[in-house]
Amino acid sequence: MIEQISFYVFSALLIFAASMVITMRNPVHSALFLVMAFFNSAALWLLLEAEFLAITLVLVYVGAVMVLFLFVVMMLDINVARLRDGFARYLPIAAVVAVIMAIEMILVVGPEHFGLAQFAEPARHAADYSNTRELGNLLYTVYLYPFEIAAAILLVAIIAAIALTMRRREGTRHQNITDQVAAKATDRVRIVKMASEPNEAEE
């Protein structure tokens with residue numbers, strides 16, 4: 001009974017936070033509501049006995065990605081009035097897309113294809129059960145090749161991003177870290193000694 005109440009409470013808060021993310025006019029407020037949505041999603045993962053995924057969601061998205069996003073949004077000078085004009089302009093199209101997505105989700109995870117009537121309730125595990133160990137066993141046994149392919153794709157993406165960043169184009173300035181580190185004060189500043197001269201106004 002308590003689990004069902006907790007599920008409905010966290011689900012309602014999640015839907016509310018997700019709605020506020022797309023309706024708030026201020027980007028900082030939207031990002032804060034997105035943090036709230038991540039926390040409620042993590043709580044739902046905990047109810048499903050997926051502690052590793054829940055703590056990963058909090059640490060990675062809330063602790064790293066959203067902090068960086070908030071820092072960028074607060075540092076940039078965003079024209080809020082222009083964002084409001086765009087929100088009102090694209091609201092009908094967004095409403096149509098939202099309705100279509102809701103219909104598709106109902107067709108896929110509706111009661112006819114999803115629920116306890118179609119799938120049995122997951123079995124409860126003992127206190128010493130570790131879903132982290134089970135997840136590791138699945139990744140390195142059943143899904144070993146997809147896991148390695150995903151890692152290789154991410155590695156190629158990192159190398160491509162670095163290559164695009166380090167490429168030199170004509171007409172643009174770039175930093176040479178080696179020259180900056182090897183720079184000395186004697187190479188940058190030259191002290192010239194000059195003899196003092198009398199002030200013409202005093203004469």
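**Entry 1: the chain as a whole**

I began with the elements and found that the protein chain has 8 helices and 0 strands, where helices (H or I, at least four residues) and strands (E, at least two) are DSSP runs numbered from the N terminus. I noted that this is a predicted model, in which local features need pLDDT of at least 70 and side-chain atom pairs count only at pLDDT 80 or more, while totals for chains, interfaces and linings use all residues. Residues are numbered from 1 along each chain as its sequence is written, and side-chain values use heavy atoms, with hydrogens and water left out.

Reading from the N terminus on, I wrote the order of elements as α-α-α-α-α-α-α-α. Of the 203 residues of the protein chain, 11% count as buried; buried means under 20% relative accessible area, exposed over 50%, and partly exposed in between (1.4 Å probe, protein chains only). The protein chain exposes about 17500 Å², of which carbon and sulfur atoms supply 68%, with areas taken from the Shrake-Rupley method with a 1.4 Å probe and, for residues, only the protein chains shown counted as cover.

**Entry 2: the core**

I then looked up the largest nonpolar core, which has 10 residues, including Ala31, Val35, Phe38, Leu57 and Met66. Such a core is a set of buried Ala, Val, Leu, Ile, Met, Phe, Trp, Tyr and Cys residues joined through side-chain atoms within 4.5 Å. The elements that give two or more residues to this core are H2 and helix H3 (51-75), and H3 gives the most, with 6 residues. Not counting residues up to four places away in sequence, Ala31 touches Met66, Phe69 and Leu70, where contact means heavy atoms within 4.5 Å.

**Entry 3: Asn40**

Next I turned to Asn40, which is found in helix H2 (residues 27-47). The side chain of Asn40 reaches the backbone oxygen of Met36 at 2.6 Å. Leaving aside neighbours within four places in sequence, I listed Phe10, Leu13 and Leu14 as the residues in contact with Asn40.

**Entry 4: Ile55 on the surface**

Last, I looked at Ile55 in helix H3, which is partly exposed because its relative accessible area is 43%. Ile55 belongs to a nonpolar patch on the surface, together with residues including Trp45, Phe52 and Tyr61, and the patch has about 810 Å² of accessible area. The largest share of this patch, 7 residues, comes from H3.

How values were computed:
Polar contact = N/O pair within 3.5 Å; in protein donor to acceptor, adjacent residues only side chain to side chain. Patch = residues over 30% accessible without salt bridge, like charges linked within 9 Å, V, L, I, M, F, W, Y side chains within 5 Å. Salt bridge = Lys/Arg side-chain N within 4 Å of Asp/Glu carboxyl O.
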